[in-house]
Amino acid sequence: MPAKGPIPEDQQRALIHGYYAATSYMDAQLGRVLDALDACPFADNTVIVLWGDHGWHLGDHGMWCKHTCYEQAARIPVIVAAPGIRGGVKTRAMIETVDIAPTLTELAGLPARKDYDGTSFVKQLRDVDAAGCDSIIHVYPRGGRLGRAIRTPRYRMVEWKKPGADIATAEYELYDYETDPEERKNLASELPKVLSELKAILAKHPEAKPQIRR
C-alpha cells in the first residue's frame with residue numbers, strides 16, 4: 001500500500017476483491033456451522049445471532065479502513081434467528097450492540113438483569129414496524145481527539161474534542177441522510193437547530209475517557 005496519496009485503480013480492485021472474498025469465505029464457514037446445527041436435535045430450540053463489530057470503507061471518503069465515525073464504519077449487520085421469530089424480514093429500527101445481551105436474555109426466557117447497559121429489541125423482532133432507539137452513539141479516536149457520534153433515523157452528528165477539554169474547543173460534523181446518504185456535505189453550520197438538538201442528546205452520555213494505551 002502506498003504510504004500516502006491515492007491508491008492505483010488496479011490496487012483498489014484487488015482490495016475490493018479481497019474484501020468480497022473474505023465475506024464469501026465467512027459465509028461458507030457459517031453455512032457449515034448451521035448445517036451441523038440442523039443435523040442435531042436442538043435446531044428448533046436455538047437462538048442464533050450473527051453480527052459484526054464494524055463496517056468498512058471501500059474507497060468512500062477516500063478511505064480504506066474501519067476506523068471512523070462515518071456510517072460505513074459504524075453501521076453493522078445484525079441477523080437474529082430464534083424460535084417464534086419470523087425469518088426473512090428486516091426492520092429499520094436502530095439498535096446498539098449493547099442491546100444484544102438483554103435481547104438474548106429475553107429470548108431465552110430468563111429474568112431481565114438491571115446491570116445491562118442496553119435494551120432488548122425482541123419487540124422489534126416480533127414487529128418490524130415497532131420503533132427502536134431514538135438515537136444511538138458511536139465513539140472513535142483520531143489524532144488525539146475523540147469523535148463521539150450521535151445517530152438518529154435522519155441525522156448523524158460527530159463531536160470532535162480531546163477528552164476533558166472545554167466544550168468550546170469542540171468541532172462538529174452533521175450529515176442528513178435524507179438528502180446526503182453518502183455524507184458528503186457537513187451541515188453543522190447550516191442547521192444550528194438540529195445541531196443543538198443532537199448536542200443535547202450527546203450531553204446525556206458520560207464524558208468520553210482517554211483511549212487506553214498498552
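Trainee: Does arginine 151 count as buried or exposed, and at what relative accessibility?

Mentor: This is a predicted model, and its values are computed from the atoms. A residue is called buried when its relative accessible area is under 20%. Arginine 151 has 12% relative accessibility, so arginine 151 counts as buried.

Trainee: Where is arginine 151 found?

Mentor: Arginine 151 belongs to strand S4, which covers residues 145-151.

Trainee: Which side chain does arginine 151 join through a polar contact of 2.9 Å?

Mentor: The partner is the side chain of glutamate 71.

Trainee: Which residues does arginine 151 touch, not counting residues up to four places away in sequence?

Mentor: With that exclusion, arginine 151 touches Glu71, Met94, Asp134, Ser135, Ile136, Arg156 and Tyr177.

Trainee: How many residues does the largest nonpolar core have?

Mentor: The general idea is that nonpolar side chains tend to be buried together in soluble globular proteins. Here the largest nonpolar core has twelve residues, among them Ile150, Tyr155, Leu174 and Leu198. Strand S5 (155-161), strand S6 (171-176) and helix H5 (192-202) are the elements that give two or more residues to this core. Of these, H5 gives the most, with four residues.

Trainee: Which residues does leucine 174 touch, not counting residues up to four places away in sequence?

Mentor: Under that condition, the residues touched by leucine 174 include Tyr155, Met157, Leu187, Val194, Leu195 and Leu198. There is also a second, separate core of eight residues, which includes Val80, Ile85, Phe121 and Val122.

How values were computed
Residues are numbered from 1 along each chain as its sequence is written. This is a predicted model: local features need pLDDT of at least 70, side-chain atom pairs count only at pLDDT 80 or more; totals for chains, interfaces and linings use all residues. Side-chain values use heavy atoms; hydrogens and water are left out. Buried means under 20% relative accessible area, exposed over 50%, partly exposed in between (1.4 Å probe, protein chains only). A polar contact is a pair of N or O atoms within 3.5 Å; within protein, one must be able to donate a hydrogen and the other to accept it, and residues adjacent in sequence count only if both atoms are side-chain atoms. Contact means heavy atoms within 4.5 Å. A nonpolar core is a set of buried Ala, Val, Leu, Ile, Met, Phe, Trp, Tyr and Cys residues joined through side-chain atoms within 4.5 Å.
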